[in-house]
Amino acid sequence: MKPFNLLLFLLLIWPLSLFAQSADELLQKVSVALSEGRDDYAVSLFRQSADAGEAKTEMFYWTRVDKGGEVVSRLANVLAVHYKEKRNYDKAYLFYKEFLQRHPKNVSALVSCAEMEMMRGKEKDALKTYEKVLMLDADNLQANIFLGNYYYLQAEKEKKRLEDDYRKIASPTRMQYARYRNGLSDVLDNGYGKAKAYLQRVLRSFPSMEAGNTLEKIRKLEQELK
């Protein structure tokens, strides 16, 4: 076999891991790059290091990175994205919060943080985060979809509770009926009304069939309850 063909053959059959750098090696290069002010290169190496060994890379972040430096938030974002892709939502949330400490008005990071809160079962926290998003970007699609659906489902639950309680009354008085209707009116204004406002924003920027169907249900309820 000719030397060139032999080399090509060996490159094809040798495992790629032989050519891969370890997390330790990459992190050493990150240290050097940071000390030389080559932030872009350091971030690129840090990303590779997270893939090679996330535990060592995370430890490097906590113990070796200057938290007062400008690049720290970029490194936090690398770990946030890495853990999100690995579906480690607790760690991803932690590093999105790290990033947001330095960039509290970054809409993209806030949206990702809200996603992690949802995946961690923290629905009320996600609600507050999406509300922050809309204060910065009133037409943010993901936030409007979440809030529209959230308030619609809450309104559906409250409406069902009112109806179930009213059905339990064998012979309702006028006062009880009036209280029931007032309760439904409050749900219409404060629950369905909020959902309607958010979902209308959705349709202004995206032709969502689901949002359209929900708005049609709300419209029918408005006709029934008014």
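Author: Phe206 counts as partly exposed because its relative accessibility is 41%; buried means under 20% relative accessible area, exposed over 50%, and partly exposed lies in between (1.4 Å probe, protein chains only). This is a predicted model, in which local features need pLDDT of at least 70 and side-chain atom pairs count only at pLDDT 80 or more, while totals for chains, interfaces and linings use all residues. Residues are numbered from 1 along each chain as its sequence is written, and side-chain values use heavy atoms, with hydrogens and water left out.

Phe206 sits in the loop between helix 10 (174–205) and helix 11 (209–225); helices are DSSP runs of H or I with at least four residues, numbered from the N terminus. Together with Leu141 and Ile145, Phe206 forms a nonpolar patch on the surface, with about 220 Å² of accessible area for the three together. Such a patch takes residues with over 30% relative accessible area and no salt bridge, and joins nonpolar side chains (Val, Leu, Ile, Met, Phe, Trp, Tyr) within 5 Å. Accessible areas come from the Shrake-Rupley method with a 1.4 Å probe, and for residues only the protein chains shown count as cover.

Next, the charged pairs. Side chains of opposite charge can pair when their charged atoms come close. A salt bridge here is a side-chain nitrogen of Lys or Arg within 4 Å of a carboxyl oxygen of Asp or Glu, and the count by this rule is 15. One of them joins Glu163 to Lys159, at 2.8 Å from N to O. These two residues are about one helical turn apart, because they are 4 residues apart in helix 9. Both Glu163 and Lys159 are buried.

Lys168 pairs with Asp165, with 3.9 Å between the closest N and O atoms. Lys168 is exposed, because its relative accessible area is 67%, whereas Asp165, at 33%, is partly exposed. Glu158, Arg161, Asp165 and Lys168 are linked in a network of salt bridges.

Leaving aside neighbours within four places in sequence, Phe46 is in contact (heavy atoms within 4.5 Å) with residues including Leu27, Val30, Phe60, Tyr61 and Leu79.

Technical notes: Patches are made of residues with over 30% relative accessible area and no salt bridge: like charges are joined within 9 Å, nonpolar side chains (Val, Leu, Ile, Met, Phe, Trp, Tyr) within 5 Å.
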